[in-house]
Amino acid sequence: MTKELEKILPLVQKPARYTGGEYRAVVKDKSQVDFRVAFCFPDSYEIGMSNLGMRILYGVMNGLPEVWCERVFAPWGDMEEQMRAHHIPLYGLESGDPIGTFDLIAFSVGYEMAYSNILNMLDLAGVPVRRADRNGSHPLVIAGGTCCYNPEPLSDFVDVFSLGEGEDVTVEMLQVCRRAKAEGWSREELLRVLAKVPGLYVPSLVDVTYNADGTIRAMTPADGVTLPVLKRIVSDLNTSYYPTQTIVPSTEIVHDRVMLEVFRGCIRGCRFCQAGYAYRPVRAKDPELLVQQGIAACKDSGYQEMTLSSLSTSDYRPLEALCDGLLDYCAPRDISLSLPSLRADNFSMGLMQRLQAGRKSGLTFAPEAGTQRLRDAINKNVTEEDLKQSCRTAFSGGWSSVKLYFMLGLPTETDEDVLGIADLAKKVLAWGREYGPHQRGGVRVTVSTACFVPKPHTAFQWEAQVDMDEYMRRVTLLRENMRERNITYNWHDPDTSFLEAVFSRGDRRLGAVIWEAWKNGAKFDAWSEYFDLQRWLDAFAACGLDPHFYANRERGREEIFPWEVTSTGVSRAFLAREREQAYRAVITPDCRKQCSGCGANQFCPGGVCDA
Amino acid sequence: MPKDRLLFAKEGRACYISHLDLMRTFQRAFLRADIPIKHTEGFHPHPFISIALPLSLGFSSACEILEFGLLAGTPRREVPARLNAVLPEGVRVLECYEGTRPMRELQAIRFQIQVDFAGDVPGLCQAWGELLGRESWIVEKPSKKAKSGSVNVDIPTLVKEYSFTDLTENGVTLLATLSAQNPGLNPSVMVKALTDACPQFPPEFVRYRRLEIVDGDGNIFR
Ligand code: SF4
C-alpha cells in the first residue's frame with residue numbers, strides 16, 4: 001500500500017472497501033504474467049462483490065496463468081474526492097497498481113444508471129474517456145453484461161462489447177489480445193480481429209445513418225464485419241466454471257453468502273422481461289453437482305448462508321432433491337438456505353417451511369398486474385386462485401406478512417387494472433384474516449409498484465413508456481383506493497425509470513448526453529443521494545436531443561432499432577407475434593409445455609431445447 | 001466462560017478491517033479451518049468470540065487478544081497454523097493458549113507512534129515532551145456519551161511512559177505506554193491534543209502501532 005493511500009484511508013467511510021487483501025483475493029507475481037486486466041464494476045464495492053457473474057469471470061480470467069485480473073469498484077464520493085485531491089489514480093485492489101497502465105479495462109454493466117460511473121472510473125484511472133481520444137498506448141476498454149444487449153449508448157466510450165455469457169468468449173478474447181500485444185499489432189488491427197470473434201461487437205466498425213425524423217436509416221458494418229452479433233452462451237453448465245473458491249470480503253456486502261446458480265434462462269416467457277428472453281434457452285445444472293459445489297463453497301468460505309439464484313427457481317425440476325441434499329449438510333451446521341423467486345403457482349409449502357424454520361418474516365410474490373386480463377397480456381401465468389392457495393398455505397403455516405410487487409404503465413393497462421391491484425391486496429388481507437394464526441389484525445400486506453420500462457429484445461420493445469405524470473396519476477388512483485391500515489403502499493420514483501427507458505432503447509447519439517451529464521457531475525445515478533434528473537434533462541437540452549423520443553414514443557413496426565446490431569437469438573418475428581398476443585390477452589405456453597419457436601433453439605445441440 | 005485465547009497481529013491492508021468485521025472474519029475463519037468453537041446459549045446461539053480493547057481503524061498491532069472456547073478435538077498448538085492458512089492478508093495468529101489472567105489486569109498498551117514531520121523535529125519533541133511531562137494537563141475531548149458533548153481528560157495521568165526515538169529530519173517515533181482501560185487513552189486523542197497545543201509543529205501524517213500489552217507492573221500480559 002502506498003503512503004499516499006495510507007494517508008487518505010483514515011479520512012473515508014468504510015476504508016476496507018479500498019484495500020483488497022481479502023481471503024481468496026488472487027495475488028500473482030507480476031513478473032510471471034504478461035497481461036493485466038482491470039475488471040471494473042461501475043458501482044460500490046458492496047454491490048459489485050455481491051454479483052455472481054463478476055466472481056465467475058474473475059475466476060475464469062485468473063485461471064489463465066499468464067493473465068492477472070484484478071477488481072476495481074467505483075469509489076464512493078468521499079474517496080473520490082480524496083483520490084483526486086491527492087492525485088491517486090484508480091488502482092486494482094489486488095496489486096494497488098494504477099489501472100491506466102493495464103492492458104485491458106473490462107466493465108460489467110447490468111444497469112443503465114451505472115453509465116455515468118463508467119465514464120467517471122475511466123477518468124479516475126487517467127484514461128481518456130472517449131474511445132476517439134484513445135490509441136494503442138491506452139488500455140483496451142471492453143464491456144459486458146445485460147446492458148450490452150443495447151450497446152449503442154455506450155459506444156463512444158467502449159471499444160469492444162461482449163454479448164451474452166462471458167465464460168468462453170472472455171478466454172478467446174484474451175488470447176487474441178495477448179497475441180496482439182506480443183506481436184505489436186496496432187489498435188485498428190486488434191479491433192478488426194476481435195470483431196471476427198463470435199459474440200464481440202466493435203462499434204467503431206459500424207456506421208449509423210439517420211432519417212429526418214430521428215429514426216435510424218441504416219447501420220452499416222465495415223467490410224468483413226457481420227451484423228447482428230449473436231450472443232454467446234455456455235452450452236453445458238455442468239462443465240463450466242463455478243467459483244467454489246471465491247473471495248470472502250472482510251467487510252459487509254449486500255449479498256454476503258454462497259450463491260448457487262441452479263440454471264440459466266427461464267421457461268416462462270413473460271413479455272416484459274428482458275432477462276427471460278435474453279438468457280434463452282434454459283439450461284439446468286445437475287442436482288448432485290450443485291450439492292457438491294454448494295457444500296464446497298460453504299466449506300471454503302465459512303459462509304453460514306446459501307441462496308439459490310436463478311430467474312424462476314421453482315421451475316427447476318429436481319428442486320426437492322436439491323434442497324434435500326443441501327439441507328442434509330446445512331441444517332446440522334446452522335447454515336440457512338434461501339430460495340428467492342419462487343413462483344406463486346407451484347409454491348411448495350413443505351419446502352418453504354423446512355427452509356425457513358423459525359424465520360417466518362415475509363413472503364414475496366410478484367403478480368406484476370392487478371387483473372387476470374392484464375396478467376394474461378404480459379404472459380405472467382399466475383391466477384388469483386394460485387395466489388389464494390399460496391397465501392392460504394403461507395398464512396396457515398404461520399407467515400404473517402406478504403409483499404406484492406406490481407408494475408404500473410404496462411401496455412394496455414387501464415384504470416380498471418390499476419384498481420385491480422387494490423382489490424387483490426384487499427383479498428390477500430382477507431385471506432390472511434381467514435387462514436392466519438392471529439385472526440385479527442396480525443396480517444400485513446405491502447404493495448410495491450414500479451414504473452414499467454420497455455426493454456430491447458422483448459415483446460414490448462416497440463412500446464411507449466407512460467409519461468411520469470401519467471404514472472403518478474395511476475399511483476394516486478391506487479393509493480386513494482387502498483387506504484386500509486394493514487396495507488402499506490410503496491411506489492418507485494419514476495425519474496430513474498424514465499431515464500432507464502431512454503438509455504435502454506437509446507442510440508449512439510446518446511453518448512453525447514452521457515458525456516455532458518458526467519461533465520456536470522453525474523455519477524452513482526442509481527443512488528438517490530447522487531441522482532439528479534435535472535442534470536440529465538439539461539444534458540439532453542445541451543445536446544439538442546429529446547428524451548421523450550426514446551422513452552415515450554411508440555416505434556413503427558418496421559423501424560430499425562439501434563440494438564439490432566446485437567441478437568439474443570430470439571427472432572424479431574417471434575417478439576412481434578408475442579406483442580400481438582399481448583394485445584389479444586392470449587397467453588403463450590411455457591417452453592416446457594410447448595415450444596413457440598422463438599429461435600433460441602439455434603443454441604441447442606440438434607436444434608431442440610431441453611426445457 | 002471460555003478460556004482459550006489467541007494472540008494475533010493485524011497489519012498492512014488488514015488495519016482497515018473494523019472491529020465488528022474482524023469478529024465476523026474470525027468466525028468464518030474458524031469454520032474454514034474446521035475448528036469447532038463454543039457458541040453462546042439462548043434463542044439465537046452464535047459463536048462466542050470476543051476481541052479485547054477494540055483497535056482503532058488504521059492502527060496496526062502486534063498484540064491483539066481474542067477470547068474464545070475451543071471444543072474438544074483440536075489441539076491448541078495446531079490452531080495458529082490452521083487459522084493462518086485461511087485468514088485474510090495481514091491478520092496473523094501468533095499463539096493459542098489457555099487464558100488464566102482476567103482481562104482487567106491488562107492495564108496499559110505500549111504504542112509506537114510514527115510522526116511524519118519535515119520541519120523542526122527537535123523543536124516538536126521538546127514542545128510535546130514538555131506537555132506530556134507536566135503533572136497535569138487537562139484537555140477537552142468530544143464524547144458521544146457525555147451530555148455536554150465532551151469530557152475532560154488529564155493526559156499525563158494516563159501516559160505511563162514515553163520517549164522519543166529515531167529522530168530524523170523527516171520525523172520522529174514516539175514510544176508511549178498508555179492506560180488501556182477505565183479510563184483508557186487513545187493515542188490519536190493524545191496526538192490531536194499535542195497538535196492543537198503546538199500549532200507550529202503540525203505533523204503531516206501519524207502512524208500508530210500497538211507493540212505490547214502490559215499489566216499494572218509493566219509485565220507482559222497474556
Ligand atoms: S426455441 Fe422453443 S423451447 Fe427453446 S427457448 Fe424458444 S420457445 Fe422455448
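Helices (H or I, at least four residues) and strands (E, at least two) are, throughout this talk, DSSP runs numbered from the N terminus. On that convention, A:Pro228 is found in the loop between strand 8 (216–221) and strand 9 (229–230) of chain A.

Before I continue, a word on the source. This is a predicted model, in which local features need pLDDT of at least 70 and side-chain atom pairs count only at pLDDT 80 or more, while totals for chains, interfaces and linings use all residues. Residues are numbered from 1 along each chain as its sequence is written, chains are lettered from A and ligands numbered from 1 in the order in which they are written, and side-chain values use heavy atoms, with hydrogens and water left out.

I begin with the backbone. The bond that joins A:Leu227 and A:Pro228 is a cis peptide bond, with omega at about -5 degrees. A:Pro281 has its place in the loop between helix 8 (274–278) and strand 12 (283–284) of chain A.

A:Arg280 also brings us to the ligand. Which residues surround the ligand? They are A:Arg280, A:Cys591, A:Cys595, A:Ser596, A:Gly597, A:Cys598, A:Asn601 and A:Cys609, where a residue is near a molecule if one of its heavy atoms lies within 4 Å of it. This shell divides into four nonpolar residues, three polar and one charged. The classes are as follows: Ala, Val, Leu, Ile, Met, Phe, Trp, Tyr, Cys and Pro are nonpolar, Asp, Glu, Lys and Arg are charged, and the others, Gly among them, are polar.

Next, the interior. A nonpolar core is a set of buried Ala, Val, Leu, Ile, Met, Phe, Trp, Tyr and Cys residues joined through side-chain atoms within 4.5 Å. Buried means under 20% relative accessible area, exposed over 50%, and partly exposed in between, with a 1.4 Å probe and protein chains only. The largest such core has 111 residues, of which A:Phe107 and A:Phe503 touch the most other members. Beyond its neighbours within four places in sequence, A:Phe503 is in contact (heavy atoms within 4.5 Å) with residues including A:Tyr115, A:Leu510, A:Ile514 and A:Trp536. A second, separate core of 56 residues includes A:Val262, A:Leu308, A:Cys330 and B:Phe8.

I turn now to aromatic rings. Rings of Phe, Tyr and Trp (its six-membered ring) pair if their centres lie within 6.5 Å; planes under 30 degrees apart count as stacked, over 60 as edge-to-face and the rest as tilted. The count over all chains is 25 aromatic pairs. For A:Phe452 and A:Phe460, the ring centres are 5.8 Å apart and the planes stand at 90 degrees, so this pair is edge-to-face. A:Phe452 is buried at 1% relative accessible area, and A:Phe460 is buried at 1% as well. In chain B, the rings of B:Phe59 and B:Phe111 are also edge-to-face, because their planes are at 85 degrees, with centres 6.4 Å apart. B:Phe59 lies in the loop between strand 2 (50–51) and strand 3 (60–68) of chain B and B:Phe111 in strand 5 (residues 108–116), so the pair ties together parts 52 residues apart in sequence.

Finally, two positive phi values in residues other than glycine. Phi is near 75 degrees for A:Arg24, which is partly exposed at 31% relative accessibility. For B:Asn182, phi is near 55 degrees, and B:Asn182 is exposed at 73%.
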